[in-house]
Amino acid sequence: MTATIPLDLALTVRRGTASPGKAADIRDLSPADGTATLVYDRHLANPGTAVWLARISLRRHGYAVREVILDGMGPGITALFREASRLRLDVHLGSGTGTPRVVTYDDSPAAYQVPAGWDLADATDRLPAAHAAARPHVVRALRAIDVEKENNGGRIDKALDVAAGMILETGDPDQVWGTLSRVLCETGSERAEVSA
């Protein structure tokens, strides 16, 4: 099985008025720039739900959200969403009890659950450790990519960056390594064998 390589987007999220009956609208989609804007109705959805809905819709059309930028919101929530999005995690605010944690699902992307009342700056600081604890196979694959980038002299850095994004998106390094190896073989790269 091979993975489809999605086009990465930076998604700017703004409060506003969505189309009638909709919680959120994707606007200003620019594949050439790798950007899109999400406008959500705060009476119908919170930013976490709006981004989750946008990810699902964009994924169906071959896009992956690599970065979420909250526009006009506080620095704590903005930093949390940006850092979580770099790990391709949805954010569920006010979810669960205990400490913030990453939860993985079979049929949807992993999510960072932040219990109600939790300090958002502290939740942001805890994110890397929570991600490593919940997805150690993903973290190992990302470390292998970093080592490969150091060793390849820049020849396949773009392919490795795409692989890293796909690994974060799918949570399935084996599937991504197979696709990357196939692409490198087809393009005649000198070093087609990359492994985790």
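# Reading a sheet, a helix and some salt bridges

Modeller: Let's start with the open sheet of four strands, whose order is β2-β3-β1-β4 with mixed pairing. Its edge strands, β2 (24–30) and β4 (63–70), each pair on one side only. This is a predicted model, where local features need pLDDT of at least 70 and side-chain atom pairs count only at pLDDT 80 or more, while totals for chains, interfaces and linings use all residues. Residues are numbered from 1 along each chain as its sequence is written, and side-chain values use heavy atoms, with hydrogens and water left out.

Colleague: In what sense do β1 and β3 pair?

Modeller: Strands of a sheet pair through backbone hydrogen bonds, either parallel or antiparallel. Here β1 (residues 7–15) and β3 (residues 35–40) are parallel, over six bridges. For R14, the bridge partner in β3 is V39. Two strands count as paired if DSSP finds at least two bridges between them. Strands (E, at least two residues) and helices (H or I, at least four) are DSSP runs, numbered from the N terminus.

Colleague: Is S30 buried or exposed?

Modeller: Buried means under 20% relative accessible area, exposed over 50%, and partly exposed in between (1.4 Å probe, protein chains only). S30 is in strand β2, and it is buried because its relative accessible area is 19%. Leaving aside residues up to four places away in sequence, S30 touches L9 and T35; contact means heavy atoms within 4.5 Å.

Colleague: How many salt bridges does a search of the whole structure find?

Modeller: Side chains of opposite charge can pair when their charged atoms come close. The cut-off for a salt bridge is a side-chain nitrogen of Lys or Arg within 4 Å of a carboxyl oxygen of Asp or Glu. The search finds 13. One of them joins R59 and E169 (2.9 Å, N to O). That pair links distant parts of the chain, with R59 in helix α1 (residues 47–60) and E169 in helix α5, 110 residues apart. R59 is partly exposed at 33% relative accessibility, whereas E169 is buried at 14%.

Colleague: Which residue forms a salt bridge with E83?

Modeller: An α-helix has 3.6 residues a turn, so residues three or four places apart point the same way. E83 pairs with R86, their closest N and O atoms being 3.1 Å apart. Both lie in helix α2 (residues 75–86), three residues apart, about one turn of the helix. Salt bridges with shared partners join R66, E67, R82, E83 and R86 into one network.
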